[in-house]
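Student: Please take a close look at one part of this model with me. I am new to this structure and would like to hear about an aromatic cluster.

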Amino acid sequence: MTLFHQVREGEVTKAIVGSFLRQFEEYVYSDVIIVGGGPSGLIAGRELGKAGYKVLIIERNNYLGGGFWVGGYFMNKVTLRAPSQEILDEVNVPYSEASEGLYVADAPHACSKLIGATCDAGVKIFNLTLMEDLIVREDNMVAGLVVNWSPIAYLPKEVSALDPIPLETRVVIDATGHDACVARKLEHRSALKLTGEGAMWIEKSEEAVVEHTGEVYPGLIVTGMAVATVYGLPRMGPTFGAMLLSGKRAAEVAIGILQQIEESSVTENG
Ligand code: 48F
C-alpha cells in the first residue's frame with residue numbers, strides 16, 4: 001500500500017501536453033487579449049472574466065504581478081489612496097491606514113490575492129509569451145496579436161530563427177506598464193504618437209491615468225502606466241490605486257466595444 005496513487009511518468013507528460021494543447025487551441029480565438037499581467041492587466045482581466053467574456057492574458061515573464069509584488073525599493077509594501085482600497089476589500093486583502101486616506105498592504109499578499117481572483121474569474125494565462133506584433137486588418141481595426149516564446153528574445157540570432165504565431169481576438173488591452181509595448185508597435189508604423197511619461201507627481205498622475213484610460217486606436221485600449229507613456233502624464237511610483245481603477249475602466253471600455261461589435265454583427269446578419 002502506497003500513500004499516492006500509482007501513475008507512470010509518461011502519463012504525467014501526457015496530462016500536461018494534452019491539457020496545454022487543448023487550452024492553447026481554444027484561445028487561438030478570444031474576446032479580449034490583455035498584454036501584461038501587472039496590476040492593471042490583472043484587474044481588467046478579472047472584471048471582463050466576471051462579465052462572462054473569454055479573456056487571455058499574455059505575460060512575458062514566468063510569473064504574474066509585474067510591479068505589484070514588491071512595491072517600492074524592495075520593501076514589499078504597496079500603498080493605495082482612497083477610494084481604491086475598496087478593490088482590496090473586494091479581493092480580501094488586509095491593509096492598514098498609514099495616514100488619512102492612505103493605505104498600506106503587504107505586496108505579496110495583495111498580489112497573490114489579485115492573481116487568484118483573476119484566475120477565479122476564468123481568465124487564462126499564457127506566460128513566458130512575448131507580444132511581438134499586432135494583427136491589423138484593412139479597416140484599421142486591431143484584430144489580434146503576434147506572439148512568440150519569450151526566452152527566444154534572449155537567445156543569439158544564430159540559434160533563434162523562430163517564427164512567431166498569430167492569435168485572433170476582438171479587443172487588445174495594452175497593460176505592459178512603462179514600456180507601452182503594444183502602442184509602441186503602432187508608433188513604429190506612424191499610426192500613433194507616444195509622448196513618453198513625465199516626472200513623478202503622484203497627486204496629478206493617478207487622476208490623469210484613470211481619466212485617460214481608453215481606446216487609443218480602433219480595437220486597442222491602454223491601461224495602467226502605459227497610459228502615462230502614451231499621453232505624457234507624470235509617473236507615480238509605488239502607489240497602485242490608479243493601476244487598479246484604470247484596469248477597471250479599461251474593462252468597461254472593452255465591454256462597450258464588444259457590445260458594439262455584437263450589435264453591428266446582429267444588424268449585418270439581419
Ligand atoms: O509594469 P506593470 O506592473 O504594469 P502596470 O499594470 O503597473 C505599473 C506598476 O507596477 C508600477 C507603477 C505604478 O504604481 O509605476 O510600475 O501598468 O506590469 C506590466 C507587465 O507587462 C509585461 C511585464 O513583464 C509586466 O509583468 N510585459 C511587458 N511587455 C510585454 C509584457 C510584452 N511585450 N509581452 C508580454 N508581456
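**The aromatic cluster**

Tutor: Phe20, Phe24 and Phe126 form one aromatic cluster. The model is predicted: local features need pLDDT of at least 70, side-chain atom pairs count only at pLDDT 80 or more, and totals for chains, interfaces and linings use all residues. Residues are numbered from 1 along each chain as its sequence is written, and side-chain values use heavy atoms, with hydrogens and water left out.

A pair of aromatic rings is described by the distance of the centres and the angle of the planes. Rings of Phe, Tyr and Trp (its six-membered ring) pair if their centres lie within 6.5 Å; planes under 30 degrees apart are stacked, over 60 edge-to-face, and the rest tilted. This rule gives four aromatic pairs. Take Phe20 and Phe24: their ring centres are 5.4 Å apart and their planes stand at 45 degrees, so this pair is tilted. Both belong to helix H1 (residues 9-26), four residues apart, or about one helical turn. Helices (H or I, at least four residues) and strands (E, at least two) are DSSP runs, numbered from the N terminus.

Now the surroundings. Phe20 is partly exposed at 47% relative accessibility. Phe24 is partly exposed too, at 21%. Buried means under 20% relative accessible area, exposed over 50%, and partly exposed in between (1.4 Å probe, protein chains only).

Phe24 also pairs with Phe126: the centres lie 4.5 Å apart and the planes at 10 degrees, so this pair is stacked. The pair links distant parts of the chain, with Phe24 in helix H1 and Phe126 in strand S6 (residues 124-126), 102 residues apart. Phe126 is buried, with a relative accessible area of 5%.
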